[in-house]
Amino acid sequence: ADTRIFVHMADAVSEGLRTVLIRTVDTDVVVLAVADVVQTEVTELWIAFGTGAKFRHIPVHEIAASLGPDQSLALPMFHSYTGCDTVSSFGTIGKKTAWETWKTFEDVTPTFLALSRSPQSITEEHFAVLERFTVLLYDRTSSFCSINEARKDLFTKKGRTMYTIPPTRGALLQHANR
């Protein structure tokens with residue numbers, strides 16, 4: 001249902017509309033809108049978001065402009081990888097932590113972008129970058145590239161509980177495939 005909104009928007013754009021307003025309470029729609037505004041001829045895309053005292057108008061076109069085209073188009077993959085309606089999130093890692101990690105490890109942007117365009121083709125190279133990104137989600141100072149080595153270090157040397165360490169490499173691969 002989230003993506004169907006953008007089919008209707010594309011139809012409106014094909015008929016000449018250049019300013020669009022979408023009403024939603026779903027952050028998934030906002031994320032998709034940021035990516036979609038880069039790919040369409042919309043000059044202004046607004047999201048009427050939230051309810052009650054939390055209601056606001058979000059200028060999606062301005063967000064996309066500040067992020068740039070690559071990061072805007074990579075945003076849906078980032079969003080799904082770090083947890084969305086259909087993919088679980090990493091234990092104890094929220095969107096804010098994930099966003100800050102993305103800002104410090106921008107090498108993951110081309111991987112998110114490639115997987116946004118072709119999600120079925122996760123290569124070993126892509127997975128290695130995702131693995132390093134995930135290590136950094138749990139310990140931004142870590143020098144490990146292997147998620148299993150990072151797990152061992154966090155559990156044995158840093159005293160983290162099982163609930164606060166990253167998934168195993170096998171589990172991470174399944175997560176990335178989802």
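Tutor: Two strands pair if DSSP finds at least two bridges between them. Strands are DSSP runs (E, at least two residues), and helices are runs of H or I with at least four; both are numbered from the N terminus. This model is predicted: local features need pLDDT of at least 70, side-chain atom pairs count only at pLDDT 80 or more, and totals for chains, interfaces and linings use all residues. Residues are numbered from 1 along each chain as its sequence is written, and side-chain values use heavy atoms, with hydrogens and water left out.

Student: How do you know that β2 and strand β3 (residues 56-59) pair?

Tutor: Count the bridges. There are four, in the antiparallel sense. The rule asks for at least two, so β2 and β3 pair.

Student: What lies between β2 and β3 in their hairpin?

Tutor: Six residues. G50 sits in the turn, with a positive phi of about 90°.

Student: How many bridges join strand β1 (residues 19-24) to strand β2 (residues 44-49)?

Tutor: Six, and these strands run parallel. T19 stands opposite E44 in β2.

Student: Why is F78 with W99 called an aromatic pair, and of which kind?

Tutor: Rings of Phe, Tyr and Trp (its six-membered ring) pair if their centres lie within 6.5 Å; planes under 30 degrees apart are stacked, over 60 edge-to-face, the rest tilted. By this rule there are 10 aromatic pairs. F78 and W99 have centres 5.7 Å apart and planes at 75°, so the pair is edge-to-face. F78 lies in helix α4 (residues 69-81) and W99 in helix α5 (residues 95-104), so the pair ties together parts 21 residues apart in sequence.

Student: What about Y81 and F133: which kind of pair do they form?

Tutor: Tilted: the centres are 6.3 Å apart, with 50° between the planes. Y81 is in helix α4 and F133 in helix α7 (residues 124-138), so this pair ties together parts 52 residues apart in sequence.

Student: Is F78 buried or exposed?

Tutor: Buried means under 20% relative accessible area, exposed over 50%, partly exposed in between (1.4 Å probe, protein chains only). F78 has 4%, so F78 counts as buried. W99, at 25%, counts as partly exposed.
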